[in-house]
Each structure stands twice: as C-alpha cells, then as structure tokens.
Amino acid sequence: MTSFHLAQLNIGRPRAPLSEPVMADFVAGLPRLNALADAAPGFVWRLRDESTDDATGLRPFGPDIMLNMSVWTSVEALREYVYRTVHLEALRRRAEWFRHDGFDHHLVLWWIPAGTLPTVDEAWARLERLDRDGPGPEAFTLRRPWPPPTPAFATIRRDVDPDD
Amino acid sequence: MTAPDDLEPGLDGLLALGDPVRRAAFRAVTARGGEPVSREEVAAALGIGRTLAAFHLDKLADAGLLDVSYARRSGRTGPGAGRPAKLYRPAPGEHAVSVPPRAYRSAAELLAEAVDRAGADAVLHQVARERGRAEGADGDVMTLLAARGYDPVRDGARIRLRNCPFHRLAEQFPPVVCGMNLALVDGLLDGAGVTGWLAAIDPSAGHCCVALSKAKHR
C-alpha cells in the first residue's frame with residue numbers, strides 16, 4: 001500500500017539582493033521560520049543549499065527567481081505552519097520583499113509517494129501544469145487542495161502462470 | 001463564489017433569536033467562548049428556572065445555533081455515578097440573511113484575490129489604518145474591540161480575540177485579510193488614543209490571528 005506526502009514549491013522575485021537594507025527583516029526572520037518548520041507537526045523535509053540552512057542562495061529557475069520547496073505529511077500540516085504560526089507575519093509583509101510579476105501562480109502543491117523527495121525540475125513542471133490547467137489532482141493550491149491519490153492495492157494472484 | 005445571503009436557510013437560525021429570553025440564553029452560552037455550559041449555569045446567569053433554560057437552549061440547538069454534548073461534570077464514573085449532564089456550546093457556522101439578496105462576501109473574495117495578485121497589500125494596510133483611525137472611536141480597549149464584534153478576552157498580559165469578523169474571508173486569503181485586520185485594529189487603537197496596548201499577528205488555536213499585548217514603555 002502506498003501512502004503519499006505533500007510537496008510544495010513557492011517562487012518569487014526578490015525586490016533587492018538579500019544584503020540590502022530593505023530585505024533585512026526578511027533575512028533576520030529566516031532562522032526562526034526554518035527552525036519552526038523543522039519542528040512543525042507533519043514536516044518531512046525542506047530544500048537546502050549544501051552550505052547554508054536554507055534555499056535562499058539557489059537560483060535553478062533564473063537569476064532573479066528565489067524558491068523554497070518542502071514536503072509535509074498533509075495539507076493541514078502545511079496550512080497550520082503557513083497560516084497559524086508567526087510565518088503568517090512574514091507572509092503579511094511579503095510584498096515588501098518579493099514581486100510576483102510574470103508569474104501566474106507562485107505556489108504549487110502536489111502529492112508524491114511517501115519516502116521520496118521532489119526535484120526542482122518536477123516542481124517547475126507542476127507549476128507549469130497549474131498555470132496551464134488550473135488546480136487539479138496533479139497540481140493544486142492551498143485554496144483549492146486535492147486529496148491524495150487512493151492507495152494502490154496490488155493483488156498478486158499466485159496461481160497465475162507468469163507466462164500467460 | 002459565495003451565494004447571496006438569502007432568506008433560507010439563514011432565517012431559521014435567526015428567528016430562533018427573536019424571543020428576548022432565548023436571545024439572552026444564547027448570549028450566556030456564547031459569552032463562555034466555546035466552553036460547553038449546562039442549563040443550570042444558564043439558568044443562574046439569567047435568573048430563570050432550569051426547565052425554562054433547557055427549553056430555550058433546546059430550541060436554539062434545534063435551530064442549529066448551538067451544539068449539544070454530554071459529559072459527567074462531577075468526574076465520577078460507573079453505575080450510580082449519575083446521568084451525564086447535557087451541555088451546550090455555539091455551533092460552528094454562520095447565519096446571515098439579507099433582503100433583498102446581497103452578495104457582499106462574493107465581492108470581498110474578488111477584491112481580496114485582486115489585492116493578493118497585485119501585491120497591493122501596503123495600499124490595503126494604509127486604507128484600513130486610515131479607516132480605523134477615522135472611526136473616531138472612544139473608550140477603553142476592551143469596549144472598543146467588543147463593539148466591533150471581536151469578542152476580546154484577557155489572557156495574562158495579552159488580549160485575545162475570540163471572534164474574527166472576517167473569518168471565512170481570512171480562511172481563504174490569510175495574508176491579505178489578516179494584514180488588513182491588523183491595520184484596522186491598529187488604526188482603531190490609534191484613533192481612540194489607546195497607547196497601552198500593541199496589536200500584532202499572533203495566531204492561536206480558535207482565535208483571531210491578531211492579538212494584543214501590553215506596550216512597552218520607552
């Protein structure tokens with residue numbers, strides 16, 4: 001029986017390099033937000049740069065697109081972290097630090113088999129699918145979530161000749 | 001999109017509040033902030049008999065305004081421990097009626113999504129702060145907040161808000177609506193000259209995401 005975890009990708013264009021004063025509060029808040037995520041119920045994994053504790057230095061989608069990516073056990077676990085902790089305060093101020101021009105959606109969710117991890121390429125493909133088709137079982141949003149796929153029950157009939 | 005507030009089914013819930021004693025019984029339950037109350041407690045609060053209190057509470061439950069549960073108040077268990085008490089608490093859900101049908105929530109959803117997409121939060125915060133200030137409100141912080149439906153309660157050095165007037169909208173657009181709410185409360189306090197309290201985003205289970213804490217004196 002396969003169970004599923006929730007993968008998440010979020011992108012944005014920082015308004016300035018992270019060293020600029022306008023970004024100071026964002027940068028200062030990161031350690032606390034990351035520690036909170038790591039300790040949150042239902043948290044499984046988040047994308048990290050090899051040398052730092054987070055993904056803020058990564059630019060797989062182009063020089064001005066920042067990303068974060070994570071895995072959770074359920075939509076509710078993610079929603080609780082995102083909206084019901086001090087993370088909400090960071091979200092409240094997001095327009096001070098990030099632009100989203102040129103993006104249709106900037107957050108996408110999808111289900112992955114438990115025990116696997118998403119790749120940035122897969123994440124981008126899911127975001128493109130969300131932009132193209134709107135929310136659906138393969139790519140959705142917090143506002144319009146989809147349930148995980150029904151666990152696959154594989155029935156092996158031992159009496160069947162494998163050459164049939 | 002949200003359907004307009006129409007006569008059904010909102011009216012049944014609200015008609016149940018027509019009787020003044022029933023309305024008082026409802027208030028006695030909601031004043032407890034979600035904690036289940038018994039008919040005895042409501043009867044005592046209203047100065048009426050238990051049977052009359054139970055009659056009104058059961059009518060409110062039938063109308064969908066209250067939820068019923070059973071629990072042994074004394075902590076005893078097993079045979080001879082007595083019947084569990086019937087307890088009442090506010091039912092989840094909202095009841096609204098408008099004549100003729102209005103759909104302000106649908107409009108609010110569209111506007112919130114537009115602000116979200118445009119990244120225009122700062123403008124919304126400014127507008128909300130100005131509106132809050134312009135209310136020209138007066139009074140102490142608890143009265144100010146209660147008058148606007150926040151149902152405030154002291155919790156140590158904090159004030160927590162047990163009701164969010166924008167609840168459903170905030171569930172759909174938390175950063176935009178909670179940010180708006182914070183700016184509104186900020187403006188309200190400012191306009192009323194309240195300096196001893198500071199509003200901030202401080203979510204806790206079952207409460208509005210805005211809470212107030214004592215302002216530090218410099």
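**View 1. β2(B) and β3(B) pair in the antiparallel sense over six bridges.** The model is predicted; local features need pLDDT of at least 70, side-chain atom pairs count only at pLDDT 80 or more, and totals for chains, interfaces and linings use all residues. Residues are numbered from 1 along each chain as its sequence is written, while chains are lettered from A and ligands numbered from 1 in the order in which they are written. Strand β3 of chain B covers residues 85-90. Val68(B) has Tyr88(B) in β3(B) as its bridge partner. Helices (H or I, at least four residues) and strands (E, at least two) are DSSP runs, numbered from the N terminus.

**View 2. The sheet of chain B is open, with three strands.** The strand order is β1-β3-β2, and the pairing is antiparallel. Two strands pair if DSSP finds at least two bridges between them. At the edges lie β1 (37-38) and β2 (66-71) of chain B, each pairing on one side only. Helix α4 (residues 50-62) of chain B packs on this sheet and touches β2 and β3 of chain B. Contact between two residues requires C-beta atoms, placed from the backbone, within 7 Å. The direction of α4(B) makes about 120° with that of β2(B). Axes here are lines fitted to C-alpha atoms, for helices over the stretch in contact, and angles run from 0 to 180 degrees between N-to-C directions.

**View 3. Helix α9 (residues 174-191) of chain B is mostly covered.** Of its 18 residues, 15 are buried. A buried residue has 20 or more other C-beta atoms within 10 Å of its own, an exposed one 12 or fewer, and a partly exposed one a count in between; C-beta atoms are placed from the backbone. The end C-alpha atoms of α9(B) are 25 Å apart, which agrees with the 26 Å that its 18 residues should span at 1.5 Å a residue. The expected span is 1.5 Å times one less than the number of residues. Just after α9(B), Gly193(B) takes a positive phi of about 70°.

**View 4. Helix α1 (residues 24-39) of chain A bends at Leu30(A).** The bend is about 40°, taken as the angle between axes fitted to the seven residues ending there and the seven starting there. A proline, Pro31(A), follows within four residues. From first C-alpha to last, the 16 residues of α1(A) reach 24 Å, close to the expected 22 Å.

**View 5. Twelve residues of chain A are in contact with eleven of chain B.** On the side of chain A, α3 (87-92) and α4 (94-97) each give two or more residues. α3(A) gives the most, with four.
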